[in-house]
Amino acid sequence: MKKQDMIKQIQLTEANMFLECKQDEYTFGSDSPIYKTSRAKWNGVYQLMIELGIEPDYSLDAHNGVMDLIVRKYSDVGAVEI
């Protein structure tokens, strides 16, 4: 496996783990042990990427899924009248 292929695989793994983490947060809440476990797993990969100087690939479908979850989370709160 070439270096570039390894970097792409690490980025893909990080993106998928981040999506799983955010899905767990959305489904079970931020105080849930399920969410905390998936966040700790994702954070391990993310910290490795920082140490290796690898940037996340925000063009991956998994990162788009994360953005959708974030938007859905805050749109579920509802409108605020002033």
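Mentor: In helix 1, the buried residues are Gln11, Glu14, Ala15, Phe18, Leu19, Cys21, Lys22, Asp24 and Glu25, where buried means under 20% relative accessible area, exposed over 50% and partly exposed in between, with a 1.4 Å probe and protein chains only. This is a predicted model, in which local features need pLDDT of at least 70 and side-chain atom pairs count only at pLDDT 80 or more, while totals for chains, interfaces and linings use all residues. Residues are numbered from 1 along each chain as its sequence is written, and side-chain values use heavy atoms, with hydrogens and water left out.

Trainee: What do the buried residues of helix 1 pack against?

Mentor: They pack against helix 2 (33-52) and helix 3, contact being heavy atoms within 4.5 Å.

Trainee: Why are helix 1 and helix 3 called roughly parallel?

Mentor: Their axes come within 8 Å and cross at roughly 20°; angles under 35 degrees count as roughly parallel, over 145 as roughly antiparallel, 65 to 115 as roughly perpendicular and the rest as oblique, and therefore helix 1 and helix 3 are roughly parallel to each other. Among the residues making this contact are Phe18 and Leu19 of helix 1 and Val66 and Leu69 of helix 3.

Trainee: What puts the buried residues of helix 3 on the same side?

Mentor: In helix 3, Ala62, His63, Gly65, Val66 and Leu69 are buried. They cover an arc of only 155° around the axis, which puts them on the same side of helix 3, the arc being that of the directions from the helix axis to the C-beta atoms. On the other side of helix 3, Asp61, Val71 and Tyr74 are exposed.

How values were computed:
Helix = DSSP H or I, 4+ residues; strand = E, 2+ residues; numbered from the N terminus. Axes fitted to C-alpha atoms, helices over the stretch in contact; angles between N-to-C directions.
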